[in-house]
Structure formats: structure tokens, C-alpha cells
Amino acid sequence: MVTDDLPGKIIAVHLNYPSRAAQRGRTPSQPSYFLKPASSLAGTGGTIERPLGTELLAFEGEVAIRIGTAARWVSPADGWSHVDAVTAANDFGLYDLRAADKGSNLRNKGGDGFTPLGPEWIPAADVDPAGLRVRTWVDGALVQDDSTGTLLFDLGRLVADLSQHLTLEPGDVILTGTPAGSSVVEPGQVVEVEVDAPDAPGAPSSGRLVTTVTAGTRAFGDFGSKPSVDEKQRAEAWGTPAPAPEPEPEPEPTFALTDAHRERFAAVAVATLSAALRKRGYTDVFVEGVHGNHPGDRFVGTARTLRLIPFRPDLFASHGGGFNAQKRAFDGVGPGEVIVVEARGERGTGTVGDVLALRAHVRGAAAIVTDGGVRDAEAVAEIGIPVFSQGPHPSVLGRRHVPWETDVTVTCGGAAVQPGDVVVGDGDGVLVIPPALVEEVLAEAEAQEAADAWVARQVAAGAAVDGLFPMNAQWRARYERETAGGAG
């Protein structure tokens, strides 16, 4: 070892060289540290044992700095003045035990001989802290070569940062991080580390710190964590560059119900749309049991949802008053949107009245759909907004319901409805269309409506329905000839 005096603390920095940070795929905004025991110290010419049953012993050539005068609450500008010497260090680590440490690094970096230092200390006064070079060789081949001029956190800053939390005492050693090039070594290989200051007078050097890897012969017992490796540990131990991040998937385009859509929906019936959905396996998208409050009402819009839960006195006390979910739904609905209320098919009370219906109408809502009742039914009808419900009922909401939440997936008349779903209504009832299906379902419904209108003209002209409705091959061929030629 370079000194007979053991340091009171050996503190190591996790990531400090940009080359290593790039290899790891993360760049810290501030330094972080771990402790190594003094019993891990070794000198040049020694050996390090790779324990039996392990495979991922990795070297890390580093610049070690030694504290000369006590430092507590010092500034980054003054940090270097508390350093009296620098030398080479090898921060060996056993990745097989990394998972068991959960960041402490005690077992994977604290073993006997896992912190060789030396062989010589370079006086700090003789060098520029940004002009130190660290190089590492494995079996004579240069594998690491970097300078403290590239550090993310300079040496004075490390001293200052640590001094905010604890007193750095004379003899304490700080390992300042390793550059890219760290990798796994096998028994029989020789690792050498040197720190020098090539631009300083005399180009002072620590000399080469030499360590030989040996194979252990004693297995770990059953009373502690066993070695464990995975592909991530192997990649980090061997120094495989961090994989390029997966490109962010292109966001799904947000569906917007346009004025053009609304015009097209106005020309097709809910029944026709329902048949197109049924072909695609959507058999439970019809809101059962609801009827419009005006003959001939039609609407289309995107869903805003309100969920009512069964009445319970304590829940109504906590959720029924003030600016509750029901009021929020009607006060927040936007132009062209449809308020869809989950009332669990309970028609024995009102779920909307004249004031709330007026508020929705003023805000430009396209319609209100509830599988419950409507209070103030005549007044609501006079407002003019389409309201599809199970019918009128004079009771207030609190008789059977608690207004619970808005803008969640609800069940209305047996149909699941999510915020943003397209809701369509006419004299046959109300249908829910997932936004992703709007274009294809609408196109098919338009084609079907055109075909049905042509069939109706043939029937009006005296044709029998057998073979015409639905069209057999002969009628289909005629229809396609006539429509292809522009006949409607």
C-alpha cells in the first residue's frame, strides 16, 4: 500500500466522466457516493480473488485524492486546497453481488483487495486538478484513457459537496470516478492503472498500480445472498454501450368529430349504423330503454359522462351537496358534446331537471342521454335540447342516487360509454360508436342507405321484395350498373 496509515473513510463517486455516463445511458445532475471499507485496501503487485461461482469481476481505473486538512462546509473554490496528494486507484466491483446490495455496493465493491492504491502519491501542490490523466491497461493493452479536465464534477466540487454532510479528515480518500472502458477481467489477467500529470513540470506520475486476478476456491455459504447475474448486469459489467432508447411511438391521432361528420351522420339512420357495428362484433352498443322528448329529434356528439351510484345517506352527505359531480358535468359540457348519465336503469327519480338542461343547452351541448328519469319534463321539453331518457319522474336525484364522478367509463342502458365516444340518436334510440370505427362504420352506413333508397324506388315502381330485399346477385348487378352510371 502507499501508506501504512489507513484512511478513516474511503468515499467513491458513482458517475463522473461523460464517457462513462454515455456508456451507462444516464448523466447525473449532481454527484452521488458510496463508502468502501478500509479493509478493501491493497497495494501494487498484489492479487484480487474472483470468488468461486462468480463471473463478473470488473476493474475501474480512477484518480484517488487524499485529504490533507480537515474540510467542513468548504466552498467548491476552496475544496482543492484541502487535498494534499493524488494517486492511482482501482475500484474493483463484483457485479454478481450487485443486486443484493441495492446501491450500497458493500458486498460487490467492499471485498478484501478490492481497492488497490498507489504506488506513489503525487503532491497536490505540483499539479492542476483539471490536468490529471488516468490510464488503465489489461495484459498490456490500453483500455482506459481520460483526463480530469472532462469531469462532470471537478475535484474541488466533490470535496465541497461531501463537506456539507460530514467532516473530511486528514487521510480520507476519495475515488473520483472511472471513465469508459471498464470491463470484466478473468483469473490470470493483469490490470495496471497509472495517474499522471503530463503537462505539469516533470510530468509527475503515480507509477503503475499492478493487480493480478486469481480464482477463488471457497464458495459462499447458504446464510447470505448468493451471486446472481442477468443480461443487464452482464452488459454493464462488460461495458456494453447503453442501448439507444426506443423511439417514442407516434401518438395515435386524436379523433375530432367535424362538421362534415355531423352532416354525414344526419343522413344515416341509427338502425343502419347499428347493423354496421353488429357486423364488427359490437352487439351491446345500443342504449336500451331510452326515448327522445321531442318527436323527430336527431343528434350526434362526443360523450361527456356522469356516474351516479345508489343512494346512501353518508355518501350523499359527502358527495351530494355543493358543486357536486352532477353540477360539474352540466357546467363543464362543451359545444357539440353529449352528457351521458349512468343511472343504472333506475327510472324512479329524476336525473336531470329544467335548470341543468337549460345550462347544457346554453353551453351548446348536442343532447342529454340518461337511463334514468327526467324531472320537470315539460319544462325540459320546452328548452329544446334533445333529451333521451326512460321518461318523466317528479322525484329529486337524492331519492335513489348519489352524484359520484365525471368523465369516466360508464354504463348507460346496458352500453359501455367512454368519454370521447361518438353518441348518435334518432327516433329508434341511441347508439355508441368507438371513435376508431367512425369512418368505416359511417362509410358503410352511407353505402347501405343509398342501396336501401334504390331498393325502395324499385318497390315503389312495383317490384316484389323477394330477391330484391336483400338484393340477390341479379339485382345487385343491376344496382351496381345503374349507380356506377350515376343513376341514384
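This is a predicted model: local features need pLDDT of at least 70, side-chain atom pairs count only at pLDDT 80 or more; totals for chains, interfaces and linings use all residues.
Tutor: Two strands count as paired if DSSP finds at least two bridges between them.

Student: In what order do the five strands of the open sheet stand?

Tutor: The order of the five strands is β4-β14-β13-β10-β11, and their pairing is mixed. At the edges stand β4 (46-50) and β11 (141-147), each of which pairs on one side only. When direction is ignored, neighbouring strands of this sheet are turned against each other by 20° on average.

Student: In which sense do β4 and strand β14 pair, and over how many bridges?

Tutor: Strand β4 and strand β14 (residues 209-215) run in the parallel sense and are joined over five bridges. At the residue level, T47 has T212 of β14 as its bridge partner.

Student: How do the seven strands of the other open sheet follow one another?

Tutor: Their order is β2-β1-β12-β6-β7-β9-β3, again with mixed pairing. Here β2 (33-36) and β3 (41-42) are the edge strands; each has a single partner strand, so one side of each lacks a neighbour in the sheet. Within this sheet, β6 (residues 61-67) and β12 (residues 173-175) pair in the antiparallel sense over three bridges. R66 has V173 in β12 as its bridge partner.

Student: Over which ring does R66 lie?

Tutor: R66 lies over the face of W121, at 4.4 Å from the ring centre. A second case is R208, whose charged end sits over the ring of W137, 3.5 Å from the centre of that ring.

Student: How many residues of helix α5 are buried?

Tutor: A residue is called buried when its relative accessible area is under 20%. By that criterion eight of the nine residues of α5 (residues 155-163) are buried, so the helix is largely enclosed by the rest of the structure. The buried residues are L155, G156, L158, V159, A160, D161, L162 and S163.

Student: What covers the buried residues of α5?

Tutor: The cover includes strands of the seven-strand sheet, namely β1 (10-13), β2, β6, β7 (83-90) and β12, and also α2 (76-79).

Student: How many aromatic pairs does the structure hold?

Tutor: There are four. To classify a pair, one examines the angle between the ring planes: over 60 degrees is edge-to-face, under 30 is stacked, and the rest are tilted. The rings of F299 and F388 have centres 5.3 Å apart and planes at 65°, so this pair is edge-to-face. F299 belongs to strand β17 (residues 299-310) and F388 to strand β20 (residues 387-389), so the pair ties together parts 89 residues apart in sequence. Both F299 and F388 are buried. For F311 and F316, the ring centres are 5.7 Å apart and the planes are at 50°, so that pair is tilted.

Student: In which helix is A357 found, and which residues does A357 touch?

Tutor: A357 is found in helix α11 (residues 354-362). Its relative accessible area is 0%, so A357 is buried. Not counting residues up to four places away in sequence, A357 touches V352, I368, V380, I383 and I385. By contrast, 84 Å separates the C-alpha atoms of A357 and W121, which are 236 residues apart along the chain.

Student: How many helices and strands are there in the protein chain?

Tutor: The chain has 14 helices and 25 strands. Its radius of gyration is 39 Å, well over the 23 Å that the globule rule gives for 488 residues, so the chain is more spread out than a compact globule. Along its principal axes the C-alpha trace spans about 110 × 65 × 50 Å. Of the 488 residues, 46% count as buried. Among contacts between residues at least 6 apart in sequence, 78% join residues at least 24 apart.

Terms used: Residues are numbered from 1 along each chain as its sequence is written. Side-chain values use heavy atoms; hydrogens and water are left out. Helices (H or I, at least four residues) and strands (E, at least two) are DSSP runs, numbered from the N terminus. Buried means under 20% relative accessible area, exposed over 50%, partly exposed in between (1.4 Å probe, protein chains only). Contact means heavy atoms within 4.5 Å. Rings of Phe, Tyr and Trp (its six-membered ring) pair if their centres lie within 6.5 Å; planes under 30 degrees apart count as stacked, over 60 as edge-to-face and the rest as tilted. A charge sits over a ring if NZ of Lys or CZ of Arg is within 6 Å of the ring centre and within 35 degrees of the ring normal. Axes are lines fitted to C-alpha atoms, for helices over the stretch in contact, and angles run from 0 to 180 degrees between N-to-C directions. The radius of gyration is taken over C-alpha atoms; the globule rule is 2.2 Å times the number of residues to the power 0.38.
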